[in-house]
Amino acid sequence: MSPGKVLQPVLKMKVDELFLCWLSQPATQLTLKDCLRRIKNEDKPEISNGNSGKGKNEWLANKNSNSKQCILGDTSLPLLSFSPQLSTALPLATSASSRNVSNVRATRRSSGTRVIQTKKEETLPPSLSQNIPTFYFPRGCPKEKVDIDAVIAKIERTFSEFPNERATLEDMGKVAKACECPLYWKGPLFYCAGGERTGYVSVHKFVAMWRKILQTCYDDAAKFVHLLMNPGCNYLVQEDFIPFLQDVVNSHPGLSFLKEASEFHSRYITTVIQRIFYTVNRSWSGKITCNELRKSNFLQNVALLEEEADINQLTEYFSYEHFYVIYCKFWELDTDHDLYIDRKDLARHNDHAISNRMIERIFSGAVTRGRKAQKDGKISYADFVWFLISEEDKKTPTSIEYWFRCMDLDGDGALSMYELEYFYEEQCQKLDNMAIEPLPFEDCLCQMLDLVKPQYEGKITLHDLKRCKLTNVFFDTFFNIEKYLDHEQKDQFSMLRDGESESQEISDWERYAAEEYDILVAEEAASDQWNDGYEAELNPVDHQKANVLKYQMEKRPFFEMPSHLADVDLDEYDYEEDFE
């Protein structure tokens with residue numbers, strides 16, 4: 001297959017395949033036989049001359065009842081009940097004279113006409129929807145009656161402490177507490193009330209805004225989305241998080257050292273936003289809804305920002321050490337430092353451990369959403385964040401979906417044996433180059449099927465992989481030669497034991513990030529010993545590289561990420577003008 005060419009599924013062949021698969025199932029055969037039996041055993045009522053119209057109506061009633069039973073019963077083929085057998089079920093002509101036959105026909109016509117003329121409209125029963133309690137609450141389930149006036153009075157007392165009853169961004173911490181919100185909601189509260197335009201928020205404007213939120217939003221998820229979203233939307237896109245995270249960078253004590261390295265604010269914010277969408281946006285839509293936010297633990301981590309002074313303890317989203325590791329790995333691959341990497345750059349990751357065929361799939365657009373980057377054959381730093389986290393922890397739901405999308409060449413929602421063999425061929429070639437005899441594909445396939453235990457024979461679905469506890473072993477077998485050889489050195493029982501015990505320990509990503517950070521710190525300490533003139537930097541690059549990067553950032557947009565759904569042209573986004 002030529003580079004960049006993606007196999008396209010043939011819809012008709014797939015539909016025919018699914019139909020034949022369904023038709024050959026035992027349950028389908030039983031259903032069809034039952035429908036045929038009902039049609040053959042159908043009673044044939046006799047219709048007399050004097051009551052012909054009535055007999056026909058009764059027969060049609062019986063026919064309809066039988067059809068309803070077929071539809072509502074076990075069968076899934078309601079169309080079979082309306083077969084041409086209807087003509088054979090009707091009574092044949094009797095031996096009466098032609099006059100009697102015509103009388104019978106006239107009687108039937110008159111009877112049918114009479115029924116239509118005397119038919120009355122049936123009165124529908126009163127609707128019962130009024131008795132069904134409300135069960136859908138997109139903005140949260142309303143709790144017991146909240147005393148909004150008491151909350152507003154508390155907010156007004158807080159504003160009275162400020163000059164002219166106006167609160168700046170530095171004062172919004174007290175206002176957030178008066179609103180009974182976590183401390184770091186202060187930025188969203190300030191910007192939602194229009195503070196970015198004037199530099200302050202008046203008490204009247206803030207009270208009007210917060211009263212509206214209390215009357216329409218009933219839980220923290222709905223309130224947070226309302227504070228950050230654009231007008232007219234009911235979801236959050238990646239750009240909506242920038243003001244909130246910039247306030248965290250400016251005010252959190254665990255990030256105070258970044259004040260002197262403002263050129264890296266955007267990189268840290270980009271990393272955190274990608275991690276938020278990686279974990280919270282389970283639909284891969286690029287839009288975080290209230291329901292997705294409600295099901296995640298993001299708001300709990302936002303609340304922990306106030307309690308935890310060490311930002312590195314919040315490993316799921318905000319850890320600076322994790323950002324340090326990710327950015328250093330990207331910087332090593334981005335040789336020209338244009339904040340984009342191509343296929344050759346990504347292939348150098350982990351000493352060419354990832355197969356070329358998988359690299360092609362990553363750049364095919366299966367897991368990236370940047371139209372401009374795909375056109376140029378490159379991926380951005382935001383895409384690399386998703387790649388690295390998925391590569392180092394293949395057990396999370398998002399990482400499983402990430403690699404499943406890459407391996408599903410025809411996009412039919414299942415991994416066929418052909419697709420597995422396609423990726424395993426390159427693994428065999430690499431093993432041959434290393435003078436290692438590869439395992440035949442048939443034997444490897446038996447091992448993987450025993451490992452995953454797919455529900456349906458001949459294919460592996462996403463659901464099968466999410467049930468498996470050793471998905472990392474499965475994926476590494478087909479496109480990561482280094483980790484595949486590591487797994488081969490372990491026995492299966494130890495891997496199963498590790499998979500069962502890891503639920504109580506830290507994740508594979510956290511373990512990897514901690515180990516890599518220690519290595520980077522050790523390398524930097526060794527560099528200090530050999531270079532007397534070296535000035536310790538808090539950034540993941542030396543002073544010269546930092547100047548180069550700062551120059552590049554002045555030429556490039558502040559914030560760039562893969563999002564095919566955002567209407568904002570991120571190439572024209574100017575961070576400093578928006579927040580000054």
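Setting aside neighbours within four places in sequence, Glu401 is in contact with Arg282, Trp284, Leu462 and Lys466. The model in which these contacts occur is predicted. Glu401 belongs to helix H21, which covers residues 397–407. With a relative accessibility of 9%, Glu401 counts as buried, because the cut-off for that class is under 20%.

An unreviewed UniProt entry lists residues 395–430 as "domain: EF-hand". In the model, this span is 69% helix and 8% strand. The C-alpha atoms at the ends of residues 395–430 are 25 Å apart.

One of the contacts of Glu401 is Trp284. Trp284 is located in the loop between helix H13 (265–280) and strand E4 (288–289). Its relative accessibility is 9%, so Trp284 counts as buried. The backbone of Trp284 has a positive phi of about 60 degrees, although the residue is not a glycine. Most residues other than glycine have a negative phi.

Ala435 also has a positive phi, near 60 degrees, and is likewise a residue other than glycine. Ala435 lies in the loop that runs between helix H22 (417–433) and helix H23 (441–452).

Helix H20 (residues 381–392) can be checked for its length. At 1.5 Å a residue, its 12 residues should span 16 Å, and the end C-alpha atoms are 17 Å apart, which agrees. How many residues of H20 are buried? The count is 12 of the 12, so the helix is largely enclosed by the rest of the structure. The buried residues of H20 include Phe384, Trp386, Phe387 and Leu388, and also Asp383, Glu391 and Glu392.

Thr216 is in helix H10, which comprises residues 203–216. Its relative accessible area is 30%, so Thr216 is partly exposed: the value falls between the 20% and 50% cut-offs. The side chain of Thr216 reaches the backbone oxygen of Lys212 at a distance of 2.8 Å. Along the chain, Thr216 and Arg139 are 77 residues apart, yet their C-alpha atoms are separated by 7.2 Å.

The largest nonpolar core has 128 residues, of which Phe206, Trp210, Phe241, Phe298, Phe318 and Phe474 touch the most other members. Helix H16 (residues 320–333) gives the most to this core, with 10 residues. In soluble globular proteins, nonpolar side chains tend to be buried together. Not counting residues up to four places away in sequence, Phe318 touches Leu245, Tyr268, Val272, Phe298, Asn301, Val302, Leu305 and Ile311.

Of its 580 residues, 44% are buried. Among contacts with a separation of 6 or more, 65% are between residues 24 or more positions apart. The accessible surface of the chain comes to about 33,000 Å², and carbon and sulfur atoms account for 52% of that area.

Note on methods
Residues are numbered from 1 along each chain as its sequence is written. This is a predicted model: local features need pLDDT of at least 70, side-chain atom pairs count only at pLDDT 80 or more; totals for chains, interfaces and linings use all residues. Side-chain values use heavy atoms; hydrogens and water are left out. UniProt positions are given in the numbering used here, feature names are shortened, and annotations may be inferred rather than shown by experiment. Helices (H or I, at least four residues) and strands (E, at least two) are DSSP runs, numbered from the N terminus. Buried means under 20% relative accessible area, exposed over 50%, partly exposed in between (1.4 Å probe, protein chains only). A polar contact is a pair of N or O atoms within 3.5 Å; within protein, one must be able to donate a hydrogen and the other to accept it, and residues adjacent in sequence count only if both atoms are side-chain atoms. Contact means heavy atoms within 4.5 Å. The expected span of a helix is 1.5 Å times one less than its number of residues. Accessible areas come from the Shrake-Rupley method with a 1.4 Å probe; for residues, only the protein chains shown count as cover. A nonpolar core is a set of buried Ala, Val, Leu, Ile, Met, Phe, Trp, Tyr and Cys residues joined through side-chain atoms within 4.5 Å.
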